[in-house]
Amino acid sequence: MSAKKKAVALISGGLDSLLAARVVMDQGVHVEGINFFTGFCVEGHTHAIRKKDREKPKRNNALWVAEQLGIKLHIVDIIDEYKDVVLNPKHGYGANLNPCLDCKIFMVRKAREWIEANGFDFIVTGEVIGQRPMSQRKDTLPVVQSESGVDDLLLRPLCAKILPPTRPEREGWVRREALHDFSGRSRKPQMALAARYGFEDYAQPAGGCCFLTNEQYSVKLADLWQNRGVRDYDLDDILLLKVGRHIRPRPHFKLIVAREEGESRYLQGYRREYPGFDVVSHGGPLTLVDGTLGEDDLELAARIVARYSQGRDSDAVELEFTEPGRDPQRLVVAPLPPHELPGEWLL
Ligand code: SF4
């Protein structure tokens with residue numbers, strides 16, 4: 001009897017990858033999961049911080065999927081290598097700064113390297129023809145296959161029946177008849193299959209699996225590149241774009257104003273690297289400064305912060321400004337009236 005075949009399934013944490021892995025497991029294949037951490041993942045990060053999202057489950061959905069399936073999950077940090085995908089996507093961006101096609105090619109290529117290094121036979125993804133406008137179209141699925149170099153070792157169990165047979169099917173490692181023919185944007189077939197398997201409470205990401213599909217997030221990322229004069233980022237940059245209200249009054253500095261208690265606590269962790277304001281005379285949000293404040297900027301920045309404090313209707317608000325490694329500076333300012341805060345400053 002031939003040895004059991006081994007597949008690695010790309011696990012994003014959403015329903016499709018959960019189902020794709022399960023369909024293949026049902027055919028007696030040994031499946032392990034792989035999850036790539038890019039830094040842009042939605043993955044419960046803001047839910048864990050914001051009070052208003054307190055009721056939402058704080059979990060890593062990829063780990064949850066692995067637990068549901070009873071499989072091993074490999075979480076692979078690709079933050080540095082992934083930069084080139086975000087900064088220079090050969091196939092361009094989607095509706096926002098999401099380079100979905102390049103991203104899929106990159107992840108499948110990484111998975112191919114992984115199966116070669118770990119003695120696995122093929123790769124499984126939860127892609128469905130027509131499900132997403134950029135990376136999951138009839139004409140782009142073959143691009144993922146050819147440009148990732150995976151050749152015909154990529155099995156898409158949810159739509160395999162309407163694609164040419166792959167090697168796992170031709171060699172009989174899996175039965176093609178037991179695979180699926182899902183297509184289009186409707187999620188109903190997936191939901192019906194989930195119900196058949198008894199999966200409940202799965203994640204339903206709107207629009208995509210990462211923040212790059214989010215319009216507001218993409219505006220903030222584009223602003224960061226433009227005002228730093230360089231298209232680059234580090235992990236802290238992209239994590240901070242997920243938190244707080246971002247206000248850019250001048251090209252050389254931006255304020256990140258906590259919107260609530262949870263965000264204030266989160267931003268507190270950045271005080272050693274970033275200058276920041278605390279409101280002393282009233283209740284108020286912690287605010288970080290990204291960039292450098294000149295002499296002329298300090299008062300303007302303080303007045304904006306005061307505007308978001310509980311002293312917004314007072315004549316004067318006292319604040320403390322602290323730069324890393326320096327003594328705090330106290331200042332008293334009049335909160336900036338709303339009509340003096342142009343909409344284009346708010347990112
Ligand atoms: S939504 Fe994000 S993680 Fe998903 S394919 Fe697009 S760029 Fe990649």
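Glutamate 318 counts as partly exposed, at 26% relative accessibility; buried means under 20% relative accessible area, exposed over 50%, and partly exposed in between, with a 1.4 Å probe and protein chains only. This is a predicted model, in which local features need pLDDT of at least 70 and side-chain atom pairs count only at pLDDT 80 or more, while totals for chains, interfaces and linings use all residues. Residues are numbered from 1 along each chain as its sequence is written, and side-chain values use heavy atoms, with hydrogens and water left out.

The side chain of glutamate 318 meets that of arginine 330 in a salt bridge, 3.2 Å from N to O; the term requires a side-chain nitrogen of Lys or Arg within 4 Å of a carboxyl oxygen of Asp or Glu. In the whole structure, a search finds 22 salt bridges.

Another one joins lysine 90 to glutamate 147, with the closest N and O atoms 3.2 Å apart. Lysine 90 is exposed, at 62% relative accessible area, whereas glutamate 147 is partly exposed, at 28%. Glutamate 169 and arginine 176 also pair, at 2.7 Å from N to O. Here glutamate 169 is buried, at 9%, and arginine 176 is partly exposed, at 23%.

Is serine 135 buried or exposed? Serine 135 is buried, with a relative accessible area of 3%. Leaving aside neighbours within four places in sequence, its contacts (heavy atoms within 4.5 Å) include Cys100, Glu127 and Val144.
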